[in-house]
Amino acid sequence: MPVDRHPMPEQPAGVRNKNFDEVALGYDLETAFAEAGRCLQCQNALCQTGCPVNIDIPRFIKNLREKDMASSIAVLKSKNSLPAVCGRVCPQESQCEEKCVLGRRGQPIAIGRLERFVADYAREQQLGLAPAAAAEEKNRGKVAIVGSGPAGLTVAGDLSRMGYGVTIFEALHEPGGVLMYGIPQFRLPKEIVQYEISQLKLLGVKIEVNMVIGRSYTIGELLEEEGFDAVFIGTGAGLPHFMNIPGENLNGVYSANEFLTRANLMRSYKFPFVATPLVVGKKAAVIGAGNVAVDAARTAKRLGADAVSIVYRRSEKEMPARNEEIEHAKEEGIVFHLLTYPVKIIGNDKGWATAMECVRMELGEPDASGRRSPKEIKNSNFLLDADTVIVAIGQGPNPLIPTTTKGMDANKRGNIIADENGRTTRDGVFAGGDIVTGAATVISAMGAGKAAAKSIHEYIMSKRANPDK
Amino acid sequence: MAKILSKREFSPGVKEYTLDAPLIAKKCQAGQFVIIRTDTHGERIPLTIADFDRDGGTITIVVQEVGNSTKHLGESFGVGDEILDLLGPLGRPSHIENFRTAICIGGGIGVAPVYPIARELKKAGNKIISIIGARNKDLIIFEEKMRATSDELFITTDDGSIGRKGFVTDPLREILRAGGKPGLVLAIGPVVMMRNVAAVTKEYGVYTVASLNSIMVDGTGMCGGCRVAVGDETKFVCVDGPEFDAHLVDFTNLMQRQQMYKEQEALEYSCGGHCQCL
């Protein structure tokens, strides 16, 4: 009889929905060893094929259960610069863990939780620290990286280890991209993100914050005037989409980006001890049901909204957010209004939102995405009280770099066109992550970063070998 | 980090700072803005560039202490101190061409961002008629700079303590009524002023641009907090602006959105988000 996977200890729902401390508390040493003991150490490890950055999963687990923590973290770090992050936010259930053979007859091994455990243990015990790099070792070439989110950090780590001098340009005042401004503290503590980044700095990666590429420097200037051999663009999906319905410019209506940026990057939950405010009313409604929407809803609850709901036009089955997050949200008291579509936001005479007019939907035939497309039920309009409305229906690419970079093509949505190796249509310019694919996951951006790092290395090597080409 | 190289007070609560910012000074163009964050607890404050010196590597900003963060800057930061974060240049530069005659209108500290635009318009061959206004004499800023770059300069104050008693729209209306046909009217100042300017010029069918000052967080197009209705579209002031066709801007909505954090602003005092007293 197979042993079930070990549950993750968590803060109780009624406690955690009032604080910003981490929800999942992590395994202790004993539980981690016990969970690692379930691993079958398959010869042909399918889990590894499910990992976008190709971590040697059986090996890090083997090291863990042999209590060789230094080797375990080394295995993780050799493929993944951000294991403490990935162990927390990767959708393991649809990647490594989905492939685990234990899952065929029982529950797959908790790979994500073990990755998190090893990364946290290593951080606490100061194991597997990045070796401090001497500047003269970084003489293979100079690479500029635009954006310090998961894609950019991955490229930076990989190229730095290969001996390149790497400079990351970040527009915000702290590095980390979506890991800092988007994913809430209670899911991904910012101290952990900053620790992982500090490890990259030890490797010799330079980070320049407050640099908005396209304005401070264009991509062309980085290559032609600032002496970089190649540029990687990993600027993510930072442009919020709105519904384009009446009332969307009322006070109390936020994009999820704004709401989360205020709460996370600017730490508004500590207002007035920090200066950036965030107004949350009594009744908050979040439009959309992706991970960002669920993050926003849970944040609104923690900021004191009495009632928080998620309004989604399809049914529960189609919700794009991770199941675990949806379950967490339900436990915390978030209400789901499914098959519901907002058509108008209604405000008072001072310009503040008070309610949302919605219609009921039903599901029709499957559309291009394979999901059944929602159709409006005529005359089903009703009012949903909401003094805070958060629009979380997705993000697009910021146009600043595509429009200021000559010779680099973007598609009609504004995403940069790049091949599977991250090559754009401009020589020496590479791109990966959400700016290429549209909004996706942290780990897929890291996978794209890994491919791009390899490709940048090959590009610079071949250019050095054939300088006239 | 950006060091404050000079600081002077125009009037209580209105101060000018020169910042050491070589890269921004090299790259910025008239009409663009920067974002500052004074220290780790501070908020991100958008400020239009009032002047720049490419050779000296400096930019000038004029700050009106309207909220806690700007008060904190004014009270706690002096010459030699460093502002933790300075980002820019942001926004689209002003569109500069020869309109033949351009009327440049600045209200209150809005005169400061008008100045570099007026200077560029002058260089492009325009006749510059400037109208600067404020509540009273003490609040008129950049008078000499504006005089030097203008062919004609009008000053208006609410109380008549300098220039004419009245509003910036008074001389504007007279010029237009007398048959002056400027190719451009530029207005920067309080929203009410920009709205009133737009109403006057609309009667005469004169192309008018306003530079908007909405609430922002990142200033790079990421949050959408600065959105404003322009015609049938929603635009982001930070990346689509800050300048828009003033006849299309929904100023009422802009004014309402500027009030969004009024209660929160009232919560703290001059601690600029460093409140330890609660």
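Q: Why is Asn323(A) called exposed?
A: The model is predicted, and in it Asn323(A) has 59% relative accessibility. The label exposed applies over 50%, so Asn323(A) counts as exposed.

Q: Where does Asn323(A) lie, and what separates its C-alpha atom from that of Asn291(A)?
A: Asn323(A) lies in helix H16 of chain A, which covers residues 323-331. The C-alpha atoms of Asn323(A) and Asn291(A) are separated by 9.6 Å, and the two residues are 32 apart along the chain.

Q: What makes Arg105(A) count as buried or exposed?
A: Its relative accessibility is 81%. The cut-off for exposed is over 50%, so Arg105(A) counts as exposed. Arg105(A) is found in helix H8 (residues 102-105) of chain A.

Q: How do you know whether Ser81(A) is buried or exposed?
A: The value for Ser81(A) is 5% relative accessibility. Buried means under 20%, so Ser81(A) counts as buried. Ser81(A) is placed in the loop between helix H5 (69-79) and helix H6 (83-89) of chain A.

Q: What makes the pairing of the Ser81(A) and Arg161(A) side chains a polar contact?
A: The distance given for the two side chains is 3.3 Å. A polar contact needs a pair of N or O atoms within 3.5 Å, one able to donate a hydrogen and the other to accept it, so the pair at 3.3 Å is listed as a polar contact.

Q: Which residues does Ser81(A) touch, not counting residues up to four places away in sequence?
A: Ser81(A) touches Leu153(A), Gly157(A), Arg161(A), Glu196(A) and Leu200(A).

Q: Which residues of H5(A) are buried, and what do they pack against?
A: Met69(A), Ser72(A), Ile73(A), Val75(A), Leu76(A) and Lys77(A) are buried in H5(A). The buried residues of H5(A) pack against several helices of chain A, among them H6, helix H10 (150-162) and helix H12 (190-202).

Q: Which backbone atoms does the side chain of Asn126(B) reach?
A: The side chain of Asn126(B) reaches the backbone nitrogen of Phe99(B) at 2.6 Å. A polar atom of that side chain also lies 2.8 Å from the backbone oxygen of Leu121(B). Leaving aside neighbours within four places in sequence, the contacts of Asn126(B) include Glu97(B), Arg100(B), Thr101(B) and Asp151(B).

Q: What makes chain A as compact as a globular protein of its length?
A: Chain A has 19 helices and 16 strands. Its radius of gyration is 23 Å, and the globule rule gives 23 Å for 469 residues, so chain A is as compact as a globular protein of that length. The C-alpha atoms of chain A fill a box of roughly 70 × 60 × 50 Å along the principal axes.

Q: How many of the 469 residues in chain A are buried, as a percentage?
A: Buried residues make up 60% of chain A.

Note on methods. Residues numbered from 1 in each chain as written. Chains lettered and ligands numbered in written order. Predicted model: local features only at pLDDT ≥ 70, side-chain atom pairs only at ≥ 80, totals over all residues. Heavy atoms only, no water. Helix = DSSP H or I, 4+ residues; strand = E, 2+ residues; numbered from the N terminus. Rg over C-alpha atoms; globule rule 2.2 N^0.38 Å. Buried < 20%, exposed > 50% of the residue type's maximum accessible area, 1.4 Å probe, protein only. Contact = heavy atoms within 4.5 Å.
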